[in-house]
Amino acid sequence: MNDHMVRMLSLSCAILFFQAASGPARADHFTIDLEVKAPKANRMVHAETLGLGVKTKPRAVLEIQAGDKITIKWILASTAKDVVKDVQIQFYAVKTSKPGDPPPPPREFDKDAILQTALTMDFKPKDKTEGELSLQVNKPGTYLLRLETKGAAVGPDDHEHFATLDVIAR
């Protein structure tokens, strides 16, 4: 490799490192704790963000027995420095083909959801909302549980928040 090629390679690496290190800073406006309790196991997951260039983590899984009653609790709290207006908080449980499947489009989960709830509110700094629901999972299968914000993204580089869990009933 000649000196010119080494300099070009070094410059390219430096540019890529600078771009990666100086990407847009994403402030998290909300925290989410989503906890699911079953008779023999529990699982808690926390907020992730959904936005341009954000890669999601693999979903956590909770295994239960068909017929088990599960209790779902969440706390969603604002960590924003200003008021965030008209944020919709939506929770749903929907049957999926397998763990890790992407959430269905809204029209599909509206008709296929086994549980669904939503509220819209303005969040002042440190405001929070909490919920608790119970659900009996009678049929074997995989169920996606998801709590998400809609309307929390305040600019083109901003993002929404969500917490997800796959429940597998055997």
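## The largest pocket

In this predicted model, the lining of the largest pocket comprises five nonpolar, three polar and five charged residues. The volume of this pocket is about 170 Å³. Rolling a probe the size of a water molecule over the atoms shows where empty space is left.

Thirteen residues line the largest pocket, and those closest to its centre are Thr 56, Arg 59, Pro 103, Arg 146 and Phe 162. Two elements, β3 (48-50) and β10, each give two or more residues to the lining.

## Thr 164 in strand β10

Strand β10 also holds Thr 164. This residue counts as buried because its relative accessibility is 6%, and buried means under 20%.

Leaving aside neighbours within four places in sequence, Thr 164 is in contact with Leu 34, Val 45, Arg 59, Leu 144, Leu 145 and Arg 146. Of these contacts, Arg 59 and Arg 146 are also among the lining residues closest to the centre of the largest pocket. The C-alpha atom of Thr 164 is separated by 9.7 Å from that of Gly 100, although the two residues are 64 residues apart along the chain.

In soluble globular proteins, nonpolar side chains tend to be buried together. In this model, the largest nonpolar core has 30 residues, and Ile 64, Ile 70, Ile 72, Phe 91 and Leu 145 have the most contacts inside it. Two or more residues of this core come from each of β1 (30-37), β4 (60-64), β5 (69-78), β6 (84-96), β7 (113-123), β9 (141-150) and β10 (160-169). The element that gives the most is β6, with five residues.

Ile 64 illustrates the surroundings of a core residue. With its neighbours within four places in sequence left aside, Ile 64 is in contact with Ala 38, Ile 70, Val 137, Val 167, Ile 168, Ala 169 and Arg 170. One of these, Ile 70, is likewise listed among the core residues with the most contacts.

## The chain as a whole

The protein chain has two helices and ten strands. Read from the N terminus, its elements follow the order α-β-β-β-β-β-β-α-β-β-β-β. Among contacts between residues at least 6 apart in sequence, 77% join residues at least 24 apart.

Of the 170 residues in the protein chain, 36% are buried. The accessible surface of the chain comes to about 10,400 Å², and carbon and sulfur atoms account for 54% of that surface.

Methods. Residues numbered from 1 in each chain as written. Predicted model: local features only at pLDDT ≥ 70, side-chain atom pairs only at ≥ 80, totals over all residues. Heavy atoms only, no water. Core = buried A, V, L, I, M, F, W, Y, C linked by side-chain atoms within 4.5 Å. Buried < 20%, exposed > 50% of the residue type's maximum accessible area, 1.4 Å probe, protein only. Helix = DSSP H or I, 4+ residues; strand = E, 2+ residues; numbered from the N terminus. Contact = heavy atoms within 4.5 Å. 1 Å grid on protein atoms, 1.4 Å probe; cavity = no way out; pocket = protein on both sides within 12 Å on 5 of 7 lines; lining within 4 Å. Points joined across faces, edges and corners; volume = space filled by probe spheres on them. Nonpolar A, V, L, I, M, F, W, Y, C, P; charged D, E, K, R; others polar. Areas by Shrake-Rupley, 256 points an atom, 1.4 Å probe, with all protein chains shown as cover.
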